[in-house]
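Open the structure in your viewer and keep the selection tool at hand.

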Amino acid sequence: MNAPTHSAFANTAEEAIAAQDALDDPMTSEKATEVAMQNTLLTPRFYTTDFAEMDAIDVTPVREDWDRLIAQMKSDPNKGHFKKNEDWDNVDWEGMEPALKAEFIDFLISSCTAEFSGCVLYKEMKRRGSNEDITTLFQLMARDEARHAGFINDALREAGVRVNLGFLTQQKKYTYFRPKFIYYATYLSEKIGYARYITIYRHLEENPELRFHPIFKWFREWCNDEFSHGEAFALLMKSDPKLTESFGNKLWIKFFLTAVYSTMWVRDHQRPLFHEALGVDVTWYGQEVFRKTSEISKQIFPMTLDIDHPRWRKNLDRMEAASRQIAAAKARGGLGGMMSRLGGMAKAATAFVLVFTIPAKAHSVPTSTRMEPTY
Ligand SMILES: [Fe+2]
Ligand SMILES: [Fe+2]
């Protein structure tokens with residue numbers, strides 16, 4: 001079999017990565033790879049887990065929905081989509097305001113790393129597993145994420161930057177998460193990814209003059225991939241009811257909802273120019289994405305967060321201020337820097353507790369989890 005020439009046509013993650021790595025000299029753009037290599041609370045991480053435990057999942061209880069979802073993913077409606085075509089307008093990188101350019105490149109690198117983080121985890125599960133249901137699913141999801149990461153890299157390359165995917169796989173630090181934490185965190189990041197992409201896409205559909213880069217035109221098909229990935233994790237959780245029904249696990253779900261939402265809030269507020277250029281009020285955007293994600297997550301999670309509670313936004317803003325204090329203190333260094341950093345961490349932790357303890361809204365969950373993207 002001939003390897004495809006572009007990641008968009010790749011049938012597996014491995015082919016997509018090879019196609020991307022073949023495009024440039026591996027030593028280019030060390031800077032972008034360096035940014036992608038960072039591990040902080042706010043940067044996308046790479047995960048590893050107990051693959052044997054995941055391999056033992058039995059999807060029999062959700063068989064009918066499972067087979068339909070896998071058939072849909074195998075039919076591969078987005079094959080060839082993640083590639084520049086005549087809709088890709090010329091990007092005036094030189095003319096872009098430098099501060100906006102910096103934020104936008106940072107956004108692209110962080111998105112590329114996040115996409116690739118999914119790819120690496122899914123690819124590894126496929127490689128280690130022997131349960132055919134599980135390996136089939138993970139190979140399909142790895143394929144999609146590798147195409148997404150490859151496409152963002154195509155966009156970065158035009159700005160003279162790129163993330164070295166092969167290097168990242170080997171060198172970036174991996175964080176261990178138990179399988180159930182992988183389900184909660186990954187389910188949420190797929191669904192929140194869908195909500196983020198579709199909210200920007202719909203906004204730019206109404207305000208096309210604000211679309212300052214062509215990549216946003218690709219967001220609709222893109223978010224449908226993420227939606228399907230989220231569906232798969234919902235089914236995995238549905239196959240084992242205690243994951244979403246026991247008291248302890250409900251607390252974990254609430255924890256992950258709070259952590260994922262507040263991380264997004266803090267990260268997005270650090271890119272004011274990017275959102276201004278898109279004509280998006282970042283606070284409105286955050287709440288809108290949370291609303292959509294909460295509505296979707298009712299398919300499997302027995303609770304949603306009360307994002308209209310008076311303590312909610314106030315403390316997300318406090319976390320954001322604390323994170324700016326920590327970054328400034330880190331840059332300053334010395335004893336003063338260290339004290340200020342500890343102070344910032346205490347503030348962030350207090351704000352997190354105040355958000356986490358807001359009473360959640362309980363829901364009953366439907367018998368079948370399956371949903372279609374409707375936003
Ligand atoms: Fe993706
Ligand atoms: Fe995904």
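Select α11 (247–269) and α15 (334–356) first: they are among the elements that cover the buried residues of α14. Helices here are DSSP runs of H or I of at least four residues, strands are runs of E of at least two, and both are numbered from the N terminus.

A note before moving on. This is a predicted model: local features need pLDDT of at least 70, side-chain atom pairs count only at pLDDT 80 or more, and totals for chains, interfaces and linings use all residues. Residues are numbered from 1 along each chain as its sequence is written, while chains are lettered from A and ligands numbered from 1 in the order in which they are written.

Now select α14 itself, residues 310–332. Its 23 residues should span 33 Å at 1.5 Å a residue, and the end C-alpha atoms are 34 Å apart, which agrees. The expected span is 1.5 Å times one less than the number of residues.

Which residues of α14 are buried? Colour W312, N315, L316, M319, A322, S323, I326 and A329. Buried means 20 or more other C-beta atoms, placed from the backbone, within 10 Å of the residue's own. An α-helix has 3.6 residues a turn, so residues three or four places apart point the same way.

Step on to G333, which follows α14 and has a positive phi, near 70 degrees.

Next, select residues 106–236. An unreviewed UniProt entry lists them as "domain: Rubrerythrin diiron-binding"; such annotations may be inferred rather than shown by experiment. This stretch is 79% helix and 2% strand.

Finally, show everything. The protein chain has 15 helices and four strands. Buried residues make up 40% of its 375 residues.

Technical notes:
Buried ≥ 20, exposed ≤ 12 C-beta atoms within 10 Å, placed from the backbone. Contact = placed C-beta atoms within 7 Å.
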